[in-house]
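This report concerns the protein chain displayed below. Please consult the sequence and the coordinates alongside the text.

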Amino acid sequence: MAEPRLATVPETSDQSLVLLTVEEAARRLRIGRTTCFRLVLTGEIESVTVGRLRRVPADAVPAYVAKLRHRPAHAA
């Protein structure tokens, strides 16, 4: 008899999180960790410091996407 398959839920699917690690924000955006750190360091994605930790407010992720959507396209 075959083993039943268990559904796995990605760690970032918890919509109740208020603050995300930079890695969690990167996974939500489907971008690399290094790229996300660069966006945080340049201020393109809002972040806050909690003690010595850097966190991205969960609502900063859709806000960043909204900024991208309203940015004029670059000429090729």
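Predicted model: local features only at pLDDT ≥ 70, side-chain atom pairs only at ≥ 80, totals over all residues.

Is Thr 34 buried or exposed? The relative accessible area of Thr 34 is 61%, and the threshold for the exposed class is over 50%; Thr 34 therefore counts as exposed.

Eleven residues separate Thr 34 from Glu 23 in sequence. In space, the C-alpha to C-alpha distance between Thr 34 and Glu 23 is 8.9 Å.

## Overall architecture

The secondary structure of the protein chain consists of three helices and three strands. Along the sequence, these elements follow the pattern β-α-α-β-β-α.

The protein chain has 76 residues, 22% of which count as buried. Its accessible surface is about 6100 Å², with 57% belonging to carbon and sulfur atoms. When contacts between residues at least 6 apart in sequence are considered, 39% join residues at least 24 apart.

The three strands form an open sheet in the order 1-3-2, and the pairing is antiparallel. Strand 1 and strand 2 (48-50) are the edge strands, each pairing on one side only. In general, the strands of a sheet pair through backbone hydrogen bonds, in either a parallel or an antiparallel sense.

Leu 19 has Pro 57, in strand 3, as its bridge partner.

## Helix 1

Which residues of helix 1 are buried? They are Val 22, Glu 24, Ala 25, Ala 26 and Leu 29. These buried residues pack against strand 1 (19-20), strand 3 (53-57), helix 2 and helix 3.

Just after helix 1, the backbone at Arg 30 adopts a positive phi of about 60 degrees.

## The largest nonpolar core

The largest nonpolar core contains 14 residues; those that touch the most other members are Ala 25, Cys 36, Ile 45, Val 56 and Val 61. At least two residues of this core come from each of helix 1 (22-29), helix 2 (33-41) and helix 3 (60-69). Helix 1 supplies the largest share, four residues.

Which residues does Val 61 touch, leaving aside those up to four places away in sequence? Val 61 is in contact with Leu 20, Ala 25, Arg 28, Leu 29 and Val 56.

Definitions and conventions:
Residues numbered from 1 in each chain as written. Heavy atoms only, no water. Core = buried A, V, L, I, M, F, W, Y, C linked by side-chain atoms within 4.5 Å. Buried < 20%, exposed > 50% of the residue type's maximum accessible area, 1.4 Å probe, protein only. Contact = heavy atoms within 4.5 Å. Areas by Shrake-Rupley, 256 points an atom, 1.4 Å probe, with all protein chains shown as cover. Pairing = 2+ DSSP bridges.
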